[in-house]
Amino acid sequence: MGWLFLKVLLVGVSFSGFLYPLVDFGIHGKTTTTSQKPNIVIILADDMGWGDLGANWAEAKDTANLDKMASEGMRFVDFHAAASTCSPSRASLLTGRLGLRNGVTHNFAVTSVGGLPLNETTLAEVLRQAGYVTGMIGKWHLGHHDSYHPNFRGFDYYFGIPYSHDMGCTDTPGYNHPPCPACPLGAGSFRSPDRGCYTDVALPLYENLNIVEQPVNLSGLAGKYAEKAAQFIQQASTSGRPFLLYMGLAHMHVPLSVTQSSANPGSQRPYRAALQEMDHLVGQIKDKVDHTAKENTFLWFTGDNGPWAQKCELAGSVGPFTGLWQTHQGGSPTKQTTWEGGHRVPALAYWPGHVPANVTSMALLSVLDIFPTAVALAGASLPQDRHFDGLDVSEVLLGRSQKGHRVLFHPNSGAAGAYGDLQTVRLEQYKAFYITGGARACDGSIGLEQHHPLPLTFNLQDDAAENKPLYRRGAEYQAVVPQVEKALKAVLQDIANDNTSRADYTQDPSVTPCCNPYRIACRCQTS
């Protein structure tokens, strides 16, 4: 533990009036060409529906800043999360690898001892070696105990919450379905497992390794994220070194924060108000980039998975990707499933003078592509001792190609099958299911798990709603399925031969983040 103690000593050093780790903003080491390297900003929304983006879906009119970014950059309409739930999707973003390779197949808990396996190399680690200053603001959800903390995974600076903001109580609980109570003020705290409400430990807010607020004031969290992001961008830009900023937004995951605009749901639905707040936050970050380093900053916006339908009116829109075959069977075809509503997410790229403006790309792309693409743009090298599922799609971003993936694999994410298993295959415009199942819907129903030895196959080009599968004896089905089987067999063999990891999902209550164990819900003063 001596090395860990040394790392702890290096974190939390004051820089220009606010906490930073020991970041050297000067030029040093392998940085002779850093001035030519682009800054990279990745913004990841949480539980945002494909149809929530106004530029995607005419019914949505709450994302003015994102829509403006789409008109000034590139919009991707066939872009997919690497999994349909939080931790696996984020692990794939930072490693470029599916959960069967990186070991993260389902979510980590408040009491999780482990996290993203330590032998997995993160995007932040690669770019820091290439001379970048690296910062992470927002939701992490890849392990918070000891060396799994963001400061030990390549990020020089961290400000945010360690997991989803419904995994701890607050004094401003916001909107949830069903609603959860505020943190207890006296004795008799408890957790209500039937409702999934955490009432015994408050949600913590970290700056580097220090808990600076517990419980978090959710209504002010977006403003704090904007402030810290602006500070980081300014400091890094002033230094002359390139930077990586990865932001994991709390929006649009429940509970939706009680802001001034959403305090009166009679005048505006809470979801719409929260969506507008998220859009404003993204607009603030983009404005800071534009005023500070516009010509040399690449900004990528996307989501971690689709909307959480069981939250009813507090969930987003899937647009036309309604998963009708599954809804007829029961349950929800959104988050936690491998239906389009679970993993097709909004995505935008913005880099004036490099990414062409007002372009819609039809290329089949994935969150998996962020890692290899960012590494290529930075002029860095991928780790050589492992295989990657993502592609370098910089040629697509720069408007020189429309070639994305021919095949994508959508891992099981909780609704059916073993976590992480690859039993849904996208092949060009076709999608084949070897297993189906519906997540919990607003009405409480769940779609039963069904296995399909002859895969249930849809032509998404003609049937975006996944309503009517191809006739199994038809020529189209007979031509497609052998290609699907070949692709699936090949990837499973490649994974078997790869350098893979296994996450530690052990749980221990003693690792729960708590700044003051002697107070109810671990309350501590805000610094």
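Reader: Is the crossing of α6 and α7 left-handed or right-handed?
Author: The crossing of these two helices, α6 and α7, is right-handed. Keep in mind that this is a predicted model.

Reader: Which residues of α6 and α7 make the contact?
Author: On the α6 side they are Ala-222, Ala-226, Ala-229, Ala-230, Ile-233, Gln-234 and Ser-237. On the α7 side they include Leu-281, Ile-285, Val-289 and Ala-293, along with Glu-277 and Lys-288.

Reader: How do the residues of that contact divide into nonpolar, polar and charged?
Author: Nine residues of the contact between α6 and α7 are nonpolar, four are polar and two are charged.

Reader: At what angle do α6 and α7 pack, and how far apart are their axes?
Author: Helix α6, residues 221–239, packs against helix α7, residues 270–293, at about 15°. Their axes are 10 Å apart. Angles under 35 degrees count as roughly parallel, so α6 is roughly parallel to α7.

Reader: Changing topic. How many disulfides does the structure hold?
Author: The structure holds five disulfides.

Reader: And how do the bonded cysteines pair in sequence order?
Author: Numbered along the protein, the bonded cysteines pair as 1-3, 2-4, 5-6, 7-9 and 8-10.

Reader: Which cysteine is joined to Cys-180?
Author: Cys-180 is joined to Cys-197 by a disulfide, with an S to S distance of 2.0 Å. The link of Cys-180 and Cys-197 is left-handed, with -80° about the S-S bond.

Reader: Where in the chain are Cys-180 and Cys-197?
Author: Both Cys-180 and Cys-197 are in the loop between β7 (157–160) and β8 (205–207), 17 residues apart.

Reader: Is Cys-197 buried or exposed?
Author: Cys-197 is buried, because its relative accessible area is 1% and the cut-off for buried is under 20%. Cys-180 comes out at 21%, so Cys-180 counts as partly exposed.

Reader: What about Cys-514, which cysteine does it form a disulfide with?
Author: Cys-514 forms a disulfide with Cys-522, and their sulfur atoms are 2.0 Å apart. The link of Cys-514 and Cys-522 is left-handed, at -100° about the S-S bond. Cys-514 is partly exposed at 27% relative accessibility, whereas Cys-522 is buried at 8%.

Reader: How far apart are the sulfur atoms of Cys-515 and Cys-524?
Author: The sulfur atoms of Cys-515 and Cys-524 are 2.2 Å apart, and the two form a disulfide. The link of Cys-515 and Cys-524 is left-handed, with -110° about the S-S bond. Cys-515 is partly exposed, with a relative accessible area of 29%.

Reader: One last residue. Is Cys-86 buried or exposed?
Author: Cys-86 counts as buried, at 2% relative accessibility.

How values were computed
Residues numbered from 1 in each chain as written. Predicted model: local features only at pLDDT ≥ 70, side-chain atom pairs only at ≥ 80, totals over all residues. Heavy atoms only, no water. Disulfide = S-S within 2.5 Å. Helix = DSSP H or I, 4+ residues; strand = E, 2+ residues; numbered from the N terminus. Buried < 20%, exposed > 50% of the residue type's maximum accessible area, 1.4 Å probe, protein only. Axes fitted to C-alpha atoms, helices over the stretch in contact; angles between N-to-C directions. Parallel < 35°, antiparallel > 145°, perpendicular 65-115°, else oblique. Left-handed = near helix turned anticlockwise from the far one by under 90°. Contact = heavy atoms within 4.5 Å. Nonpolar A, V, L, I, M, F, W, Y, C, P; charged D, E, K, R; others polar.
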